Amino acid sequence: MEVLSLTFGPFQENTYILVDDNKECAIVDPGCSNSEERVYLKTTIEQRGLKPVLLLNTHCHIDHVFGNAFVAEEWSLDLHAHKLDLPTLEMAPLSCQLYGIPGYIESPKPKVFIDEGDVIEFGNTKLDVIFVPGHAPGHVAFINHDDRVVINGDVLFRGSIGRTDLPGGNHAELERSIREKMYTLPDDYVVCCGHGPNTTIGEEKSGNAFFRV
C-alpha cells in the first residue's frame with residue numbers, strides 16, 4: 001500500500017490517499033476546504049490513474065471533514081465513520097461559524113458505521129480498525145499490518161498528542177488509547193498524523209514530551 005499525503009485548509013490538516021496495487025484507493029479525512037484544494041485532490045487522483053472506492057474519517061472535527069461532501073459526490077462514495085462521532089460531525093457548521101471559516105459544504109451523514117475489530121478491504125489492502133477515543137469521542141485509527149503503517153488522525157503527533165479541550169475530548173481516555181492501543185504496536189510502525197510529519201511508535205514511546213513509556 002502506498003500512502004499519499006496532501007496538506008489542506010487553515011488548520012494544515014493531512015489528507016491521506018491510500019493506494020492499492022490495483023490502483024483502487026481510499027481517501028481518509030479529506031480536508032480540502034475550498035475549490036482550489038478540491039481541484040488539487042481530484043487532479044492528484046486523476047493524474048495517477050486512481051479509482052477512489054472508500055471515504056473514511058478517523059474522526060469528524062471540521063478540519064478532517066471539509067471535503068467529505070465533495071469526495072462523496074465526485075466518486076459516489078458512502079462515508080465510513082464511528083457512530084460516536086456523529087454529534088461531532090453535526091457540529092461542523094457551527095464550528096465553522098465560530099472559527100469564521102466560510103464556504104463549508106455540509107458533509108453527508110455516515111452510511112457505514114465502523115468500530116474496533118472491523119477490517120476494511122479494497123484490492124489487496126486490509127485496514128484493521130481500532131477505537132482510540134480521547135481527542136474525539138468516536139475517534140478510530142486504521143492499521144495496515146502488511147506495510148506497518150497507522151493512519152492515526154489526531155491521537156499521536158511527532159513529539160505531541162491530540163488536544164482534549166474541544167467538546168467531547170477526554171484527556172484520560174486519550175492517554176488510555178495511546179497506552180493500550182498505540183504503544184502496544186511494534187516500534188517500527190510508521191504513524192501518519194493528522195497534522196505535521198510522520199513519526200514511529202518507537203520514537204514516541206521514548207521521546208514524546210507529553211506521553212512516553
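This is a predicted model: local features need pLDDT of at least 70, side-chain atom pairs count only at pLDDT 80 or more; totals for chains, interfaces and linings use all residues.
View 1. Glu36, Val39, Glu46 and Gln47 are exposed residues on the face of H1 that is turned away from its buried side. The helix comprises residues 35–47, 13 residues in total. From its first C-alpha to its last it reaches 18 Å, close to the 18 Å expected at 1.5 Å a residue.

**View 2. The buried side of H1.** Glu37, Arg38, Leu41, Thr44 and Ile45 are the buried residues of this helix. They lie on the same side of H1 because they cover an arc of only 125° around the axis. Their packing partners are strands S1 (2–8), S2 (13–19), S3 (24–28) and S4 (51–56), together with helix H3 (68–74).

View 3. After the helix comes Gly49, which has a positive phi, near 70°.

**View 4. The largest nonpolar core.** This core has 28 residues, and Ile17, Leu41, Ile45, Leu50, Val71 and Trp75 are those with the most contacts inside it. At least two of the core residues come from each of S1, S2, S3, H1, helix H2 (62–65), H3, strand S5 (79–81) and helix H5 (92–99). Apart from this core lies another, of 19 residues, including Ile130, Ile143, Leu156 and Leu174.

**View 5. The surroundings of Trp75.** When neighbours within four places in sequence are left aside, Trp75 is in contact with Ile27, Lys42, Ile45, Pro52 and Phe70. Of these, Ile45 is also one of the buried residues of H1.

Key
Residues are numbered from 1 along each chain as its sequence is written. Side-chain values use heavy atoms; hydrogens and water are left out. Helices (H or I, at least four residues) and strands (E, at least two) are DSSP runs, numbered from the N terminus. The expected span of a helix is 1.5 Å times one less than its number of residues. Buried means under 20% relative accessible area, exposed over 50%, partly exposed in between (1.4 Å probe, protein chains only). The arc is that of the directions from the helix axis to the C-beta atoms. Contact means heavy atoms within 4.5 Å. A nonpolar core is a set of buried Ala, Val, Leu, Ile, Met, Phe, Trp, Tyr and Cys residues joined through side-chain atoms within 4.5 Å.
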